[in-house]
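Colleague: Please take a close look at one part of this model, the surroundings of the ligand. I would also like a few points elsewhere in the chain for context.

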Amino acid sequence: MILINGTLTDEASARIDATDRGLLLGDGLFETVRSHAGVPFRLGAHLARLATGAKRLSIRLPLPPDQISGAITDLLHANQLQRAEAAIRVTLTRGPGPRGLAIPAESQPALLVQAVPYTPRQKPNVTAVVVEVRRNEASPTAQLKSLSYLDNVLAAQEAKSRGADDALMLNSRGRLACGARANLFLVLEETLYTPPLTEGALPGITRAIVLELAGAAKLRTRQSPVFPDDLMRASEVFLTNSLEGLLPVSEIGGKKIGVGEAGPVTRSLMEAYAGLAANRS
Ligand SMILES: Cc1ncc(COP(=O)(O)O)c(C=O)c1O
């Protein structure tokens with residue numbers, strides 16, 4: 001089953017309008033949420049980011065966040081995911097419109113929610129390469145989880161074709177912005193660095209949690225520009241996203257990072273993060 005504007009619908013009979021601007025123009029937003037045993041992790045933060053993005057794009061949310069949240073619980077039950085690990089995808093589009101770019105005065109936004117079983121990657125570390133595809137930090141959409149994900153699709157494909165698990169994306173100034181589907185962290189001289197949002201990084205939910213956990217552990221943190229050379233000097237590098245949590249990077253462009261496995265800072269943050277998920281907090 002899937003949810004369309006809050007109504008449980010059989011997936012086979014669910015329909016989205018052929019003139020939907022999400023489909024034709026990427027005019028919309030999405031969220032990806034991890035659910036542990038029927039409890040979506042940090043759903044409130046995801047729906048708040050969705051609401052902020054929708055406001056920025058002047059897309060009306062068809063349902064208020066608390067109703068979306070209740071409908072997601074129903075969907076998890078309908079799909080028998082109340083005891084399983086699951087991936088929830090929430091998609092908001094501006095809805096149908098006439099040909100052309102102009103935003104219609106009246107729109108009927110569509111909210112789609114899918115929930116499927118999720119099996120975590122079986123590898124403890126990932127390899128990465130810095131890809132050619134760049135992140136445009138000056139674009140207003142860099143701060144939004146917009147449906148226009150083609151740059152990220154191409155970045156991920158480039159990494160795969162070069163034999164790596166993940167892509168690291170530079171911004172237009174040649175500094176690191178993020179992964180194709182993740183935020184980037186590195187440990188350099190006892191300090192945890194992550195590119196600031198102004199470098200083209202998405203305001204990741206996991207990124208914010210990691211910064212909080214690092215602060216609570218009295219780790220020195222810096223949101224400041226990260227250069228390609230910094231990666232090679234880093235003792236630890238990891239990626240973060242809602243589905244996978246913290247993903248240690250063992251190798252970048254064929255060069256080993258640290259000892260080639262999760263270092264002490266990454267491990268302690270992974271433990272603290274797992275504790276939050278286990279306590280459903
Ligand atoms: C480009 C990009 N940056 C960062 C993230 C991580 O965001 P979050 O932690 O909110 O999942 C994602 C997740 O898909 C992403 O696509």
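Modeller: Ala208 is partly exposed because its relative accessible area is 38%; the class lies between buried, under 20%, and exposed, over 50%, with a 1.4 Å probe and protein chains only. The model is predicted, so local features need pLDDT of at least 70 and side-chain atom pairs count only at pLDDT 80 or more, while totals for chains, interfaces and linings use all residues. Residues are numbered from 1 along each chain as its sequence is written, and side-chain values use heavy atoms, with hydrogens and water left out.

Ala208 belongs to helix H5; helices (H or I, at least four residues) and strands (E, at least two) are DSSP runs numbered from the N terminus. Its C-alpha atom is 9.9 Å from that of Thr240, a residue 32 positions away along the chain. Helix H5, residues 205-216, and strand S13, residues 236-241, each contribute at least two residues to the shell around the ligand.

That shell holds 17 residues, and Lys145, Tyr149, Ile205, Thr206 and Ser242 are the closest; a residue is near a molecule if one of its heavy atoms lies within 4 Å of it. Sorted by class, five of the shell residues are nonpolar, eight are polar and four are charged. Here Ala, Val, Leu, Ile, Met, Phe, Trp, Tyr, Cys and Pro count as nonpolar, Asp, Glu, Lys and Arg as charged, and the others, Gly among them, as polar.

Next come the polar pairs. An N or O atom in the side chain of Tyr149 is 2.4 Å from an oxygen atom of the ligand. Arg49 places a polar side-chain atom 2.9 Å from a ligand oxygen, and a polar backbone atom of Ala182 lies 3.4 Å from a ligand nitrogen. Of the 390 Å² that the ligand exposes when taken alone, the protein buries 96%; these areas come from the Shrake-Rupley method.

Lys145, one of the closest residues to the ligand, has its C-alpha atom 19 Å from that of Leu246, 101 residues apart along the chain. Leu246 is part of strand S14, residues 245-252, and is buried because its relative accessible area is 6%. Val226 is also buried, at 1% relative accessibility, but is located in the loop between strand S12 (220-223) and helix H6 (228-233). Its C-alpha atom is 13 Å from that of Ser172, 54 residues apart along the chain.

Arg34, in strand S3 (residues 28-36), counts as buried at 12% relative accessibility. Its side chain makes a polar contact of 2.7 Å with the side chain of Glu85, that is, a pair of N or O atoms within 3.5 Å, one able to donate a hydrogen and the other to accept it.

Two backbone points remain. Most residues other than glycine have a negative phi. Asn5, in the loop between strand S1 (2-4) and strand S2 (7-9), has a positive phi near 45° and is partly exposed at 32%. Ser58, between helix H2 (43-56) and helix H3 (65-78), has a positive phi near 55° and is exposed at 59%.

Technical notes
Accessible areas come from the Shrake-Rupley method with a 1.4 Å probe; for residues, only the protein chains shown count as cover.
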